[in-house]
Amino acid sequence: MTSLTCRMMVARMPSLILCAWSTFVVPHTEDVDDTPALMAAISDYTPNTTYNVWSPVTFPHLTNVEVVISGNLTYPTSIGTVQGYVAAANYSGAWFSFTGGNNVTLRGNTDPDWGWVDGHGQQWWDIMQQTNRPQGWLFKDVTNGIIRDMKIYKPVAWNFATTGSSHVHIFNNIILAGSDNASFPFNTDGFSAGGTNLLFENNYVVNGDDCLTVTNGAKNITWRNSYCEGSHGLSVGSLGEGGQVASVENNHTLYAARFKSWTGGNGAAINITWKDITFIDVMFPIDVTQNYWDQGDGPRPNSSSVNETHIENFLFDHFVGVINDTPGYVEGSCITDPCWYYVPGATGKEAVIFDLYPDTATNIVVKNLVARTLSGAPAAAMCNSSTISNDVGFVCWDGPYIPTSAGL
């Protein structure tokens with residue numbers, strides 16, 4: 001257009017630098033849905049325009065294509081309009097869907113005033129509307145992809161998902177999902193990493209749910225040199241193999257690093273490292289649980305499984321920061337009593353919480369952790385020694401955080 005420009009490489013030889021492109025540019029019509037024009041790819045555009053993307057956009061299978069967001073895009077301001085599309089039988093799963101391809105780039109604009117995608121999420125948050133909300137961007141089944149320089153403002157809910165994609169580089173993106181008032185931006189997850197060999201770096205996220213969540217089956221995920229604020233931190237959401245989180249600042253988040261698997265779940269999460277993490281006013285710097293459940297459905301279920309999710313080779317290295325142990329503090333996503341993140345017996349001063357099943361965790365270690373609390377009280381730990389088989393880097397008990405030889 002010049003606000004969204006789609007370029008398709010029509011001639012490419014591996015041994016040549018020169019290549020030919022066909023450029024398709026979409027015009028803008030005031031107070032009219034621009035999606036049909038986008039899909040028809042009509043020419044004669046006007047630079048620096050805000051386009052009304054009032055219906056979902058689904059791209060076909062693409063090869064050697066770059067989609068550039070040069071101007072601004074806006075969702076419908078009508079909540080009912082959005083809900084109608086999301087509820088439709090032919091809804092693709094996101095407002096913008098890439099359905100597969102090879103060598104596909106989604107690129108925004110580095111101009112600070114242009115390239116923004118406005119989801120008008122504040123009005124949804126203000127009335128706590130959580131029915132038929134859209135995923136923002138689905139980058140599905142893409143091999144050799146790039147998502148760069150995108151700027152998202154007040155998304156309704158979830159932002160980017162890379163379901164089934166491989167060898168994708170996601171960098172220099174901005175997501176601003178902060179609320180203007182006490183209304184909470186529920187489920188505004190920044191990036192949902194599904195697929196293999198994904199590199200996330202230099203991303204800036206202010207939101208109300210996971211900054212990064214690594215989903216079922218993901219492998220070889222790296223997140224580094226990024227900033228997360230107001231979120232639930234860096235989460236491995238269920239099962240996967242191979243991953244690294246490095247050089248990240250978490251500012252006023254609920255968690256810094258988290259692994260969660262559902263009570264009664266089965267599978268394995270292997271070879272995951274969180275490294276060089278700074279946390280500022282964070283309630284739970286390191287939290288590992290195999291007992292995650294939806295508290296909205298009632299008390300924790302009694303698991304009859306003896307083969308819970310197995311975790312192996314987890315390393316939490318070089319964490320430095322401040323624990324928010326302010327008495328009575330409640331994080332914005334808490335709407336139940338107790339809060340969904342409530343941990344029985346926790347004091348609010350824990351730098352590490354390991355909530356594990358016996359004989360399911362191998363070589364899980366915390367090293368070089370330096371933490372203090374806002375109150376000045378000593379940092380604590382929660383850990384049941386009957387559930388571990390190695391030196392986890394600190395005294396495994398419910399008490400003060402005391403490093404051991406493996407943690408130094």
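1. Three cavities of 30 Å³ or more turn up when the whole structure is searched, a cavity being a set of points on a 1 Å grid over the protein atoms alone where a 1.4 Å probe fits but cannot get out. The second largest cavity holds about 60 Å³ of space, a volume being the space filled by probe spheres set on the points.

2. This is a predicted model, in which local features need pLDDT of at least 70 and side-chain atom pairs count only at pLDDT 80 or more, while totals for chains, interfaces and linings use all residues. Residues are numbered from 1 along each chain as its sequence is written, and side-chain values use heavy atoms, with hydrogens and water left out.

3. The second largest cavity has 13 lining residues (those with an atom within 4 Å of a point), and Tyr-75, Gly-136, Pro-155, Val-156 and Asn-159 lie nearest its centre. Nine residues of this lining are nonpolar, four are polar and none is charged, with Tyr, Pro and Val counted as nonpolar and Gly as polar.

4. The chain contains three helices and 30 strands, taken as DSSP runs of at least four residues (H or I) and at least two (E), respectively. Twelve strands form an open sheet with mixed pairing, in the order E4-E7-E10-E13-E16-E19-E21-E23-E25-E27-E29-E30, where pairing requires at least two DSSP bridges. Strands E4 (57-59) and E30 (399-400) stand at the edges with a single partner strand each, so one side of each is left without a neighbour in the sheet.

5. Within this sheet, strand E16 (residues 191-193) runs parallel to strand E19 (residues 212-214) and is joined to E19 by three bridges, with Phe-191 opposite Leu-212.

Terms used:
1 Å grid on protein atoms, 1.4 Å probe; cavity = no way out; pocket = protein on both sides within 12 Å on 5 of 7 lines; lining within 4 Å.
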